[in-house]
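Here is a friendly walk through a structure, written for someone who likes cut-offs spelled out. Have the viewer open as you read.

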Amino acid sequence: MDEREISQAVIARLPRYYRYLGDLKDEGVERVSSQELSELMQVTASQIRQDFNNFGGFGQQGYGYNVEYLYNEIAKILGLNEKHNLIIIGAGNLGRALANYMNFERRGFIVRGVFDNNPALYGRELRRNTVQPMEKMEQFVKEHNIDIAVLAIPKDEAGNVAERLVACGIKAIWNFAHVDLQVPGDIVVENVHLSDSLMKLSYGIAKRQRR
Ligand code: NAI
């Protein structure tokens with residue numbers, strides 16, 4: 001399978017399939033048809049079949065898909081069968097909320113460290129971590145096999161910190177700062193802007209009012 005041929009739109013839909021299948025698995029459901037999944041997720045059955053065909057169809061035989069198999073296969077595609085060690089840069093409002101959120105660990109994303117450059121925050125406890133000074137970041141990344149850094153710092157600081165992270169071998173950045181990072185092509189960057197989602201919501205309201 002050549003992953004370059006799979007569209008970003010399909011990849012973007014996989015986490016939602018994964019969540020629904022996880023719920024079905026937890027409920028003890030063993031098999032699900034594309035029609036049932038379609039009704040549950042409000043996506044057409046043909047869309048589901050088309051999406052899954054990108055990955056060889058996941059062996060649908062007779063009545064529907066094997067839930068556990070499908071769940072595990074999607075986990076493999078998303079790289080969720082491996083644990084990821086991450087650090088959070090910035091222990092402000094957002095960084096603290098992320099550090100305190102436990103569900104990331106259920107998905108295999110383990111928060112190993114939290115860093116900030118404000119001495120007033122050093123030593124502050126956030127679940128299993130204490131806030132550490134930025135001077136310790138590079139060594140920590142190398143010693144703890146950290147592959148993901150979460151950037152929850154002001155946008156003016158994000159570029160410099162990203163450069164430092166790249167230099168010490170980070171593989172991926174989950175970027176919450178409102179700035180496009182200039183990093184080498186092999187560094188995976190996922191930008192998250194909650195305000196984009198709010199603007200989509202606002203568009204929905206505006207469209208409703210224009211009717
Ligand atoms: P905050 O002001 O509460 O926290 C920022 C923290 O970053 C502070 O603790 C500060 O000491 C630390 N910091 C500043 N420069 C640093 C550096 N060079 N190295 C390490 N730590 C540094 O701000 P808040 O609300 O937590 O937001 C953080 C960032 O996330 C901002 O850029 C904000 O715009 C962004 N944000 C993005 C959202 C999104 O949806 N993308 C949602 C909320 C915030």
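## How H1 meets H3

H1 and H3 pack at an angle of about 110°, with their axes 11 Å apart, and therefore count as roughly perpendicular to each other. Here axes are lines fitted to C-alpha atoms, for helices over the stretch in contact, and angles run from 0 to 180 degrees between N-to-C directions. Angles under 35 degrees count as roughly parallel, over 145 as roughly antiparallel, 65 to 115 as roughly perpendicular and the rest as oblique. The crossing of H1 past H3 is left-handed; that word applies if the near helix is turned anticlockwise from the far one by less than a right angle, and right-handed if clockwise.

On the H1 side, Val 10, Arg 13 and Tyr 17 meet Gln 47, Ile 48, Asp 51 and Phe 52 in H3, where contact means heavy atoms within 4.5 Å. Sorted by class, this contact of H1 with H3 has four nonpolar, one polar and two charged residues. The classes take Ala, Val, Leu, Ile, Met, Phe, Trp, Tyr, Cys and Pro as nonpolar, Asp, Glu, Lys and Arg as charged, and the others, Gly among them, as polar.

## What the model is

Please keep in mind that this is a predicted model, in which local features need pLDDT of at least 70 and side-chain atom pairs count only at pLDDT 80 or more, while totals for chains, interfaces and linings use all residues. Residues are numbered from 1 along each chain as its sequence is written, and side-chain values use heavy atoms, with hydrogens and water left out.

The protein chain has nine helices and nine strands. Helices (H or I, at least four residues) and strands (E, at least two) are DSSP runs, numbered from the N terminus. Along the principal axes, the C-alpha atoms fill a box of roughly 60 × 50 × 35 Å. Of the 211 residues of the protein chain, 39% count as buried; buried means under 20% relative accessible area, exposed over 50%, and partly exposed in between (1.4 Å probe, protein chains only). Among contacts between residues at least 6 apart in sequence, 56% join residues at least 24 apart.

Next come H1 and H4, whose axes come within 9 Å and cross at roughly 145°. H1 passes H4 in a left-handed crossing. From H1 the contact takes Leu 14, Tyr 17, Tyr 18, Leu 21, Gly 22, Leu 24 and Lys 25, and from H4 Val 67, Glu 68, Leu 70, Tyr 71, Ile 74, Ala 75 and Ile 77. The residues of this contact of H1 with H4 divide into eleven nonpolar, one polar and two charged.

The axes of H2 and H3 come within 8 Å and cross at roughly 115°, so H2 and H3 are roughly perpendicular to each other. The crossing of H2 past H3 is right-handed. Ser 34, Gln 35, Leu 37 and Ser 38 of H2 make the contact with Ala 45, Ile 48, Arg 49 and Phe 52 of H3. By class, the contact of H2 with H3 has four nonpolar, three polar and one charged residues.

## The nonpolar cores

Which residues have the most contacts inside the largest nonpolar core? They are Tyr 17, Leu 21, Phe 52 and Ile 74, in a core of 22 residues. A nonpolar core is a set of buried Ala, Val, Leu, Ile, Met, Phe, Trp, Tyr and Cys residues joined through side-chain atoms within 4.5 Å. Helices H1 (8–26), H2 (34–41), H3 (45–53) and H4 (67–77) are the elements that give two or more residues to this core, and its largest share, six residues, comes from H1.

Not counting residues up to four places away in sequence, Phe 52 touches Tyr 17, Leu 37, Gly 57, Phe 58, Tyr 65, Leu 70 and Ile 74. A second, separate core has 21 residues, including Ile 89, Met 134, Ile 146 and Leu 151.

## Loops with positive phi

Most residues other than glycine have a negative phi. Gln 42, in the loop between H2 and H3, has a positive phi near 60°. Gln 42 is exposed, with a relative accessible area of 70%. Arg 127 also is not a glycine, and its phi is positive at about 50°. Arg 127 sits in the loop between strand S5 (125–126) and strand S6 (129–133) and, at 29% relative accessibility, counts as partly exposed.
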